[in-house]
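My entries follow in the order in which I looked things up.

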Amino acid sequence: MHELIIRAIEQGGLLGIFLLMAVENIFPPIPSEVIMGLGGVAVSRGTIDFWPLMIVGTIGSTAGNYVWYWLGDHWGRTRLEPFVNRWARWLTMEWEDVERAQRFFQRHGPWVVFVFRFTPVFRTMISLPAGLAHMGLWRFLGFTFAGAFIWNLLLVESGRRLAVWLAESQEVLGWITLGLLGLTLAGYLWRVVSWKPRAER
């Protein structure tokens with residue numbers, strides 16, 4: 001499995017990295033931990049250069065988050081609330097969750113956008129209240145890019161070091177990759193199946 005993803009990353013090149021990271025931040029089919037981590041493995045093999053991977057991956061993360069920011073900024077509550085409530089189960093949240101995130105954002109300020117880049121679920125969700133609060137575009141992009149850059153740096157460097165450490169045990173790397181993918185999918189499916197509207201909890 002990990003070889004298939006690495007090959008896809010290598011063959012897709014920088015455009016492939018950009019698209020994967022953008023889509024992951026809109027709706028996560030493959031977590032960034034796998035994309036950038038295996039990108040680090042490709043760096044260790046010499047098939048992808050470190051800095052282009054970092055820059056393009058971070059721009060992709062920022063672009064994906066911008067989609068949610070744009071929706072909040074341009075659609076506002078009137079159009080977003082019916083959308084969120086209609087697809088609440090698949091989004092595994094309802095409008096009250098968005099409002100709670102918005103209140104948290106308003107209390108703690110724009111640094112929340114930066115800090116939440118290091119959390120698995122909230123790193124995408126926080127972009128929506130940032131848009132609803134009409135946070136300045138360039139400030140939002142700056143905080144998002146900075147947080148995503150640091151997170152991606154940790155992932156790429158971890159993948160690179162892991163590949164060197166497991167140079168003679170690629171099977172272990174494959175199991176680690178499968179484990180990450182399995183945990184992500186299982187976690188999402190569990191949230192979908194077990195999710196209930198707040199009124200029913």
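I looked up Trp75 and found it partly exposed, because its relative accessibility is 24%, where buried means under 20% relative accessible area, exposed means over 50% and partly exposed lies in between, with a 1.4 Å probe and protein chains only. Phe83 is also partly exposed, since its relative accessible area is 30%.

I note that this is a predicted model, in which local features need pLDDT of at least 70 and side-chain atom pairs count only at pLDDT 80 or more, while totals for chains, interfaces and linings use all residues. Residues are numbered from 1 along each chain as its sequence is written, and side-chain values use heavy atoms, with hydrogens and water left out.

Next I turned to ring pairs, taking the rings of Phe, Tyr and Trp (its six-membered ring) as paired if their centres lie within 6.5 Å, with planes under 30 degrees apart counted as stacked, over 60 as edge-to-face and the rest as tilted. I get eleven aromatic pairs by this rule. One of them joins Trp75 and Phe83, edge-to-face, at 6.2 Å centre to centre and with 85° between the planes.

I then looked up Phe114 and Phe118, whose ring centres are 5.7 Å apart and whose planes stand at 80°, so this pair is edge-to-face as well. Phe114 is buried because its relative accessible area is 17%, whereas Phe118, at 29% relative accessibility, counts as partly exposed. Both rings belong to one aromatic cluster, formed by Trp111, Phe114, Phe118, Phe143 and Trp151.

How accessible is Asn152, and does it count as buried or exposed? I find 0% relative accessibility, so Asn152 counts as buried. Asn152 lies in helix H9, residues 137–165, where helices (H or I, at least four residues) and strands (E, at least two) are DSSP runs numbered from the N terminus. Leaving aside residues up to four places away in sequence, Asn152 touches Met21, Met36, Met54, Gly57, Thr58 and Ser61, a contact being heavy atoms within 4.5 Å.

Last, I noted the whole chain, which has ten helices and zero strands. Buried residues make up 43% of its 201 residues. Of the contacts with a separation of 6 or more, 76% come from residues 24 or more positions apart. The accessible surface comes to about 10,800 Å², with 67% of it belonging to carbon and sulfur atoms, by the Shrake-Rupley method with a 1.4 Å probe, where for residues only the protein chains shown count as cover.
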